[in-house]
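I opened the notebook to look up the fold, the charged pairs and the aromatic rings, in that order.

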Amino acid sequence: MVGSRAPYVAAGAGALAALALLAYVLNTVEAAARADLLFEAAKSAIGVLPLAFFGVIVADMIRRRDANQAHLREIDAYRREFRHDVLEAYTDLRASRRTLRSAGFVEPWTTRLDERLLQVFDEQMERISGTQLTLERLKREAKGSNALFTLETTISRELETFETYVNGVVKEWQRTRTQLEIGGTSDQLRAWPMYAAFIDYDGSFKIAVDALHAIDDALLADLRQVQTMA
């Protein structure tokens, strides 16, 4: 607030200084010359003062516009980065799902487990765990951020759905990973309902897909709005 009044304060101070100088000059000249001096000063004031104050107002308007545009650019950059993180999390989750399928951790649950396959399994589950942590962070950032996202309620709700879904798969891995042994088969994974539904071709992965689409639509709406304003 103080900064927004600064140009007007400076202009007022300048006007007072000019009046003080004029008063000083009037006191130092002869009485006969004062009338002419006042007349010339009045003419100058009529021409200069409005332009000076108008210039101050225009300069302040330009400064405020530039500050507002800079703020909008910062918000736009944050939204783009946020969207990038959401899309990357989804892409990572989908890539891990494909890798687990191609390695045989899917129906018909007959893959014979060896050290190499269990290593692949753990690597992908760790990657999925990292995705869950990313979604958890994004969920915290989105909550209550109405100034950043117009559709904050939708984004927060869908991130909650997305993160909860992935977290369910991760928790099964954390609780029951020790049950998978070299020499066993992937049939043991059928006892993991969240994982089994996640990896199945017609299973629950649509939860992640639908959440991703809803989040992306909400984010794109804000990004398009900024482009229109620009």
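I looked up the secondary structure and found 6 helices and 0 strands in the chain, where helices (H or I, at least four residues) and strands (E, at least two) are DSSP runs numbered from the N terminus. The model is predicted, so I noted that local features need pLDDT of at least 70 and side-chain atom pairs count only at pLDDT 80 or more, while totals for chains, interfaces and linings use all residues. Residues are numbered from 1 along each chain as its sequence is written, and side-chain values use heavy atoms, with hydrogens and water left out.

Of the 230 residues, I read 35% as buried (under 20% relative accessible area; exposed is over 50% and partly exposed lies in between, with a 1.4 Å probe and protein chains only). For contacts, meaning heavy atoms within 4.5 Å, I noted that 78% of those between residues at least 6 apart in sequence join residues at least 24 apart.

Next I turned to salt bridges, each a side-chain nitrogen of Lys or Arg within 4 Å of a carboxyl oxygen of Asp or Glu, and the structure holds 12 of them. Arginine 83 meets aspartate 216 at 2.4 Å, N to O; arginine 83 lies in helix H2 and aspartate 216 in helix H6 (residues 206-229), so this pair ties together parts 133 residues apart in sequence. Aspartate 216 is buried at 14% relative accessible area, whereas arginine 83 is partly exposed at 24%.

I then followed aspartate 85 to arginine 137, a salt bridge of 3.2 Å, N to O, which joins helix H2 to helix H3 (residues 115-142) across 52 residues of sequence. Asp85 and Arg137 also belong to a salt-bridge network with Glu141.

For the rings, I counted 11 aromatic pairs, taking rings of Phe, Tyr and Trp (its six-membered ring) as paired if their centres lie within 6.5 Å, with planes under 30 degrees apart called stacked, over 60 edge-to-face and the rest tilted. The pair of tyrosine 78 and phenylalanine 82 is tilted, because the centres are 6.1 Å apart and the planes stand at 45 degrees; both residues lie in helix H2 (residues 31-103), 4 residues apart. Tryptophan 192 and tyrosine 195 are edge-to-face, at 6.0 Å and 80 degrees, and both are buried.

Last, I checked charges over rings (NZ of Lys or CZ of Arg within 6 Å of the ring centre and within 35 degrees of the ring normal), and found arginine 101 over tyrosine 201 at 3.8 Å from the centre and arginine 97 over phenylalanine 198 at 5.9 Å.
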